[in-house]
Amino acid sequence: MSDRATRREGASGRVRPAHANVASPASLRGPLVMEADGLFKDFRIGRGKDAVLSAVRDVSFNLYRKAVVALVGESGSGKSTIAKLLAGQEQLTSGEIRLGGSRVEVSGRHDFRAYKREVQMVFQDPFASLNPVHTVRYHIERPVRLHGIAKGRAEVERELVRLVEQVRLTPAQQFLAKYPHELSGGQRQRVAIARALAVQPSVLLADEPVSMLDVSIRLEVLSLLDDLRERFDLAVLYITHDIASARYFADEALVMYAGEIVERGPAEAVTQQPAHPYTQLLVSSAPDPDALGSVLRTGARGLGRQAGSALSTATGCRFSPRCPFADDRCRQEAPPLVRVSADRAAACWRLDVAAPSLVTTHGGGGVEDMAP
Amino acid sequence: MAAIVPLGARGTERLVRRRKRAGGRRLSTKARVGAVICAAFVLAAIIGPYVAPYDPSVQSFLPGTVLHAPDAAHLLGTDSLGRDVLSQLLVGLRTTLVLGLVTGAIATFIAVAIGVSAGVLGGFWDEILSLLSNVFLVLPALPLLVVLLGYLPQKGETATIVVLAFLGWPWGARVIRAQTLTLRSRDFVAASRETGERTWRVIFFEIMPNEVSLIAASFVSTVLYAIGTSVALAFLGLSSSSQWSLGLILYWAQNGNALQLNAWWWFAPAGLAVALLGTGLVLLNFGIDEIGNPRLRDASGASKIGGKAWRPSDPTPVVLAGSPAPRARSFASAFSRRSAPGATAGRAAAGQGGRS
Amino acid sequence: MSAVAAQPPAAQPPAALSEKPVLEITGLSVAYRSSGADVKAVERVDLSLHAGEVVGLAGESGSGKSTLAYGACRLLRPPAVITAGSVVYRGRRLGGREVDVLSRTPDELRELRWREIAIVFQSAMNALNPVLRVRDQLLDVVDAHLDLGKDEAHERVASLLDLVAIPRDRLRSYPHELSGGMRQRVMIAMALAVDPEVVIMDEPTTALDVVVQREILSQVVELKERLGFAILFITHDLSLLLELADRVAVMYAGQLVEVASAHDVHYGPAHPYTRGLLNSFPSLRGARRELAGIPGSPPDLRNLPPGCPFLPRCGFATGSCAAIDMSLSPVPGATDPWHVSACPFVTPSTPDVARPRLAGAGAAAGGEPGRASGPVAGGAPS
């Protein structure tokens, strides 16, 4: 608990400037739409006073129009919780979400519906996110009518056809009449995307939108999302455990571990030259077809024998139990997210050992900032 | 109720339609037999009072019409007061069936209201409502009914319906609550909130259509319970004696010592009618279960393959078409392994037969 | 890394190849029997597994890869029927005896499974009994197949956990008290409990994080080297197979379309579908490639067109594709002499026609209106 308290103090003093100092590569794409500022989310587990799971700790980032920001992390790292916070499905413990510069406060039903007009979400499992008793038409028609996107029978009909064709489901009339179980996974996910886009939102939260789909289908859905982002000036938050897809799909990558952002920067740079030891582990763990068995045959790397714990009782860097570079300081004091270069930041005390090339290359600022 | 019945009907219709489209599967034999039996009883209840040959309450003490075995004039004979048993049966069937259906509808309505509310509201309300249904569930129903009906000012049909409905909802409520809890956490419910749907719409249009088969099953079993219990109550003399019902026939038969007098025609038709109606309802319930639970359907669907019945635990049946054709020379043996070119042979392995 | 990869690794003991395969599937067809027509889930598949070998079976969901593996063990439930083929098992313990799996009685099969052929399922949570401790579940397996004393059995169970690097104090845990990775390791320990010759792994790590996946897979490979069992590894992730498997079999619509060494699949894929799969996953290492993916969706098995089932999605399709019989034949010019493919027209040296077609977003060609996908270009919009 005390640890979290210091972190919160830090949020106003030490950490925030580091966050502000890093220019988001996503900002090059378009104007700022949504800001997440110092988000915290605790869940009570059990009845004890200390039985609090801080699922999200001091997470800040911005979403820009036409840009994709990827949130990368393993299951339980809090990335889906962030999506739910931004979607208004969960209440913040502390922090602030701003949409178009003004603070988001969803109090009544009306506010919520207005908010939903701007911020929409695509769920992970297309087999669960469509109601089996309703047709595709029902799923897409509801938001169109609820939000008054189109009025009158003919206009609604035109809008439905447009939405379904927009996600490349043709012939539209045929697909509108179908039930979810008559569609393949990829087609279902496209219906879910069409439903989310029906209200013409400015922000799309995509929570692992392709992880339940076959490899050959994934690319099509991702490229569809990419296409729609471009056409409708969408700001996309792409949540994934697959860091390789973030490399191809995202402008900025935020790597999460145990509820915190441990590294952020341009997706290409983060995947090609990871700074944080956890990102390094993530990158080296991804299947590498070029290795053709050689890496697996040499056996495990001795890293990460123990899964990270998000319980708030842990002190110090949450990755330290798995980190090969961890020293006493790492175990006692949590590292803040500090600037590594103009557009990159990492939360690690031992960057000089973990990623010496980054620290020496970009010199100055990074090292300075790392001093407590 | 008005909001639920049409929805339910539409949902079931859709379910059936989907089933048909999906695999061309129809209801199982069991369910069809059940549906036919129930339909026959409903028909009999509708037209019964109009086709009944006599007034069931008119007594006749003419010689040869008291406790008379079935003959052309009285197809099911007469009782000890000379009343026509067939007429009693036809008139009584309607009473019993209406009582069962109305009780079932009211009890199901309560069950749905409480079950869905508990599941959707969760937390405090869930605990209160669950406690309530558990209390009602452990109440010993029949003794309580006897006491309640015994002390009620008038023992009419309405009193029976109210009391039976009052005691008949908790089982359904528990099942529906459990289903609602699982449905509530499904993504499509969250997705409909994302769309901006109101809570009532989420309940009535997203959650409840998925519970149609469960609600129907709950309704059918409550009807079964109501019919059984009402017959038992009437048999004990705890119903109005002016309104003919299957139970009342049995009550009179018991009072008139029908069994001792060997007057089988007096009690057997009513008894068989109750048993048959019960069987029909149970079979119908099986059918509804199979619609709601595809696993049951598959288990019953694929029992016979290659002329033999298979249990689900059996290994995969092997039904080779005709005699095995002479196998084509495999590609691997065409290239002797030893002659495979040097170093690269290490990784390669054979066995891909060249099919021809 | 690439220097290592350029030459085929010699990890495969050459001796194994001079022996007959441990598991030999020939012409296996599995159908799901319904009131209408049969759904041909697996059609005339030949696949063999040698001792100590890792064979990867890749394909999309619904391609029949699991049906093939479970059908070969006769684990599928009755609407499924084996309609043709043979499955022969030759374990070391059987001393040269051949077992025809398809003609065994249920009791004989029970003996064969687990003792000789073990399976690791995708969902450990469903496969493990939630009300039994880990130790008791492992003991059940050991007791059912081995004739050991009480102490011996307990010792064996404990050593099984050592094998998969789970601390022994976890023996007393219930499945829900373990993490997903731990549960999957327990599953692997259970599969290895009585020293099987063949281990079938059905997407054992799909539900796990990459870090845990790598740990578990490297452990599996280590154990394989030590204990000498053969692995049939089923997954939809071809990139994983390339790293893990010795040989890769690619399945599409119930048929094998290509079988080759991992090296050949990676560097010289012959079948258009294999090429498509290789072009589907974004790579972390090396330069950014233009990703093409595979347009369209898999065919309906109830209503397969004649000839090649991949025809409607294929960029190389010609008029004669509808007439081919989908038999596997050797690929000319392949490094691997047993590299076989079902496509008689496309060889490793055929240039990729798919790329230019898919380069422009939404550009359609070759009878694929509106289905072609644009490249995923996060950095620079095309």
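Predicted model: local features only at pLDDT ≥ 70, side-chain atom pairs only at ≥ 80, totals over all residues.

Biologist: How many helices and strands does chain C have?
Modeller: The chain has 382 residues, of which 58% count as buried. Among its contacts with a separation of 6 or more, 65% join residues 24 or more positions apart. The count for chain C is 13 helices and 12 strands.

Biologist: Which residue ranges make up the domains of chain C, and what distance separates their centres?
Modeller: Domain 1 of chain C takes 15-52 + 71-249, and domain 2 takes 255-359. Each of them gives 16 residues to the contact. Taken over C-alpha atoms, the centres are separated by 29 Å.

Biologist: What area is buried between domain 1 and domain 2 of chain C?
Modeller: Carbon and sulfur atoms give 70% of it. On the side of domain 1 of chain C, C:Leu238, C:Leu242 and C:Val248 lose the most area, together 33% of what that side buries. The buried area is about 1400 Å².

Biologist: Which element gives the largest share of the side of domain 1 of chain C that touches domain 2?
Modeller: Three elements of chain C give two or more residues to that side: strand S2 (39-49), helix H10 (238-244) and strand S9 (247-252). The residues of that side divide into nine nonpolar, one polar and six charged. The largest share, eight residues, comes from S2(C).

Biologist: Is C:Gln213 buried or exposed?
Modeller: C:Gln213 lies in helix H9 (residues 210-227) of chain C. Leaving out residues up to four places away in sequence, C:Gln213 touches A:Pro287, C:Thr205 and C:Leu240. Its relative accessible area is 8%, which is under 20%, so C:Gln213 is buried.

Biologist: Why does A:Arg190 count as buried?
Modeller: A:Arg190 sits in helix H7 (residues 185-197) of chain A. Beyond four places in sequence, A:Arg190 touches A:Val167, A:Arg168, A:Leu169, A:Glu220 and A:Leu224. The cut-off for buried is under 20%. A:Arg190 counts as buried because its relative accessibility is 6%.

Biologist: Which residue forms a salt bridge with A:Lys79?
Modeller: A:Lys79 is in helix H2 of chain A, and its partner is in the loop between strand S7 (203-207) and helix H8 (215-232), 129 residues apart. A:Lys79 counts as buried at 4% relative accessibility. The closest N and O atoms are 3.3 Å apart, and the partner is A:Glu208.

Biologist: Are C:Glu155 and C:Arg168 buried or partly exposed?
Modeller: Their side chains meet in a salt bridge, 3.5 Å from N to O. C:Glu155 lies in helix H7 (residues 150-163) of chain C and C:Arg168 in the loop between H7 and helix H8 (180-191), so the pair ties together parts 13 residues apart in sequence. The relative accessible area is 43% for C:Glu155 and 38% for C:Arg168.

Biologist: Which residues are linked with A:Arg98 in a network of salt bridges?
Modeller: A:Arg98 forms a salt bridge with A:Asp37, with the closest N and O atoms 3.3 Å apart. A:Arg98 is in strand S4 (residues 94-99) of chain A and A:Asp37 in strand S1 (residues 32-44). Both A:Arg98 and A:Asp37 are buried. The network links A:Arg98 with A:Glu35, A:Asp37, A:Glu96 and A:Arg103.

Technical notes:
Residues numbered from 1 in each chain as written. Chains lettered and ligands numbered in written order. Heavy atoms only, no water. Domains from an automatic or database assignment. Contact = heavy atoms within 4.5 Å. Buried area = accessible area lost by both parts, 1.4 Å probe. Helix = DSSP H or I, 4+ residues; strand = E, 2+ residues; numbered from the N terminus. Nonpolar A, V, L, I, M, F, W, Y, C, P; charged D, E, K, R; others polar. Buried < 20%, exposed > 50% of the residue type's maximum accessible area, 1.4 Å probe, protein only. Salt bridge = Lys/Arg side-chain N within 4 Å of Asp/Glu carboxyl O.
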